[in-house]
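Hi,

Here is the structure I promised to pass on to you. Have a look at it first, and then read my notes below.

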Amino acid sequence: MSAMFVNIDWYEIWLATLDTLLMLGGSLLFTVLLGLPLGVLLFLLGPRQLFAHRGAYAALSLVVNVLRSLPFIILLIVMIPFTVLVTGTSLGVAGAIPPLVVGATPFFARLVETALREVDRGIIEAVQSMGATTGQIIWNALLPEARPGIIAAVTVTAITLVSYTAMAGVVGAGGLGDLAIRFGYQRFQTDVMVVTVVLLLVLVQILQMLGDRLVVHFSRK
Amino acid sequence: MIEFQQVHKAYTVQGRQIPALQPTDLHVRRGEVFGLIGHSGAGKSTLLRLINRLEEPSGGRIIINGIEVTALDANGLRSFRRSVGMIFQHFNLLASKTVAENIAMPMKLAGGHGSADIAQRVRELLVRVGLSEHAQKYPAQLSGGQKQRVGIARALATGPDILLCDEATSALDPQTTAQVLQLLAEINRELGLTIVLITHEMDVIRRVCDRVGVMDGGVIVELGDVADVFLPPQHPTTISFVQESEDDDFVTDEDWQQVQGSIVRLTFLGESTYAPVLGRVARETGIDYSILAGRIGRIKDQPCGQLTVALSGSESQALAAREQLQAAGVTLEVIRA
C-alpha cells in the first residue's frame with residue numbers, strides 16, 4: 001500500500017488543497033459580487049425588459065461574449081500585467097484570483113440573466129402595479145423569485161472555477177492542479193496524479209450536492 | 001371616478017403601428033362593478049392596463065379621482081398606483097414568499113407601515129378572504145381559488161378605492177369562479193370599492209357587473225346596464241356572446257317551421273320574472289301559446305328570464321296579447337310575425 005503512494009508528501013497535498021480552496025473561495029466571492037449586478041444589468045437592458053435598450057445591451061453582450069470566447073489558458077497569460085497591477089504578483093493564490101474572476105464573471109452573469117428571464121413577467125407586472133420602484137422590483141421580486149436559479153448558477157460557476165484553478169497551475173498559481181502538472185505529469189508520478197484527481201473529484205461532488213440541496217430548499221414547491 | 005377622454009393605444013411592432021385601442025371615451029362610476037367583455041385581441045386587456053398605466057397611452061387623457069393620471073411623473077404614478085389594486089388571471093403571486101408575506105408586500109413597498117401594523121392588517125385581510133389558516137403556506141401549496149383569494153387580499157392591502165381584475169376567474173373551475181365572484185361582489189358592497197373587470201365569459205358579467213362594455217377590434221361597441229345590453233343583444237359581438245352562453249336554447253329555423261302562429265321572444269326582468277304574466281294574458285285574450293325555448297336566471301341581484309313562445313290565435317288576439325305583455329313590463333321581440 002505504502003509502496004503505491006511512495007511519491008506522496010501528504011503535507012504538500014494538504015497545502016495544495018488549501019490553495020485550491022482559497023483560490024476557489026476568493027474568486028467565487030468576487031465573481032458573484034461582480035457577476036450578479038452585471039447579470040441583472042444584462043437582464044434589465046434586454047429586449048422588452050424594464051430598461052430595454054438595444055444599443056447598450058448589444059455592447060454589453062459583446063464584451064461578455066468576447067471574454068467568454070477567450071480560452072481561459074490564454075486569458076491567464078494575457079492578464080498577467082493587469083494581475084501584477086492589482087495584486088502585485090502574478091504568482092500564487094493572489095496572482096490567480098484576478099484571471100479567475102475575469103474568466104468566470106461573464107459566464108456567471110449570463111447564467112444570472114437566464115435565471116432572471118425565467119421569472120414570470122406577470123410577477124414583475126404585479127409588483128409594478130403596487131407602485132414599486134425599479135430597485136424594489138429587483139430586490140423584492142426579481143432576485144427572490146430567481147433565487148433557486150441563481151444558486152444553481154453559483155454552483156455551476158464554482159465547479160467551472162475548480163477546473164480553472166487547475167489550469168492556473170500552469171502559470172504558477174499553486175494548488176492541486178499545479179501539483180498534478182508538476183509531479184503527476186512532468187515527473188511521471190502517477191500516484192500524485194491519482195490523489196489530486198480524486199481530491200478534485202470529491203470537491204466537485206461536494207459543491208454539486210451542496211448546490212442541489214440549496215436549490216431544493218429555496219424552491220418552495 | 002374613472003374618466004377616459006379620447007384615449008388610444010397603438011403598439012409598434014417591427015416599425016409598424018398596430019392599433020390596440022381606438023380613441024375611446026369612457027366613464028366608470030364610483031362604487032360600481034364595471035365589466036368589459038370581448039374576445040382575445042379585442043383591446044380589453046390594453047384598456048384595463050391603461051387605467052394604472054401599466055400600458056402607456058399613445059394619446060388622450062385619463063382622469064381618476066380628479067387626478068390626471070396621464071400627466072403624472074414616475075413618483076406621482078407610483079403613489080397613485082397604491083390607490084389601485086389589481087388581480088390577475090394567473091394570480092402572479094411570489095412563489096418565494098409565504099401567503100402572509102405576499103399580502104404584506106404592497107405595504108412594505110409603500111413604506112411608512114410598522115411591522116405590527118402590517119401584521120395586524122394581514123390578519124384582517126386573511127379573515128376577509130377566508131384564509132386565516134394558510135398564512136404560513138407558500139403559493140405552490142394552495143389551490144387556484146385560494147391563490148386568487150391571496151391575490152385579492154394583496155390587492156386590498158393598501159386600502160385602494162379601485163380594483164382592477166384581469167381575467168381573474170378565467171383560470172378557475174366554475175364552482176371556484178362563483179366563489180371568487182361572490183367575494184368580489186362582497187368587497188364591492190362592503191368596502192364600496194369600484195371594480196373594473198375584464199373577461200371573455202358572459203357568466204362573469206351576468207353575476208357581478210352593474211354595467212358592461214362590449215369590446216371588439218379596439219372599440220367599445222356597446223355600453224350600458226347589463227340587462228339593457230344583453231336583453232336583447234344588439235351588436236353582432238354582443239349577440240355572439242349571448243349565444244355562446246346559451247347554447248342550450250339555441251333553436252334553429254327548421255324547428256320553427258313546425259309551429260303555428262307568430263313567434264316572439266319575451267324578456268322578463270325584475271319582478272315580472274316570477275309574475276304569472278303569460279298565463280294571465282293568454283286567459284284574458286284567448287290566445288294559445290307554446291314555449292319553444294327559455295331560461296330563467298339572474299343578472300347580478302335581479303331575476304330575469306327569456307322565453308321564446310309561439311302565439312296562435314286570430315290577428316286581433318295576437319295584437320291584444322302583445323300589448324298586454326308590454327304593458328306588464330315584458331320586453332317583446334317579434335321573431336316571426
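Helices (H or I, at least four residues) and strands (E, at least two) are DSSP runs, numbered from the N terminus. This is a predicted model, in which local features need pLDDT of at least 70 and side-chain atom pairs count only at pLDDT 80 or more, while totals for chains, interfaces and linings use all residues. Residues are numbered from 1 along each chain as its sequence is written, chains are lettered from A and ligands numbered from 1 in the order in which they are written, and side-chain values use heavy atoms, with hydrogens and water left out.

Within chain A, H6(A) has the highest confidence, at 96, and helix H8 (residues 176-185) the lowest, at a mean of 83.

Next, helix H3 (residues 99-110) of chain B. Nine of its 12 residues are buried (under 20% relative accessible area; exposed is over 50% and partly exposed in between, with a 1.4 Å probe and protein chains only). Among them are Asn102(B), Met105(B), Pro106(B) and Leu109(B). Their cover includes H6 and H7 of chain A as well as helix H4 (115-128) and helix H5 (144-156) of chain B, with contact meaning heavy atoms within 4.5 Å. Just after H3(B), Gly111(B) has a positive phi of about 75 degrees.

Helix H11 (residues 277-285) of chain B buries Val277(B), Leu278(B), Val281(B), Ala282(B) and Thr285(B). These lie on the same side of H11(B) because they cover an arc of only 125 degrees around the axis, taken from the directions from the helix axis to the C-beta atoms. On the face turned away from that side are the exposed Arg283(B) and Glu284(B). The buried residues pack against strands S11 (262-269), S12 (288-299) and S13 (302-312) and helix H12 (315-327) of chain B.

Five of its residues come from H6(A), the largest share. Helix H7 (134-168) of chain A and helix H2 (74-81) of chain B each supply at least two. By class, the lining has eight nonpolar (Ala, Val, Leu, Ile, Met, Phe, Trp, Tyr, Cys and Pro), four polar (the others, Gly among them) and nine charged residues (Asp, Glu, Lys and Arg).

Best wishes

Note on methods. pLDDT = per-residue confidence, 0-100.
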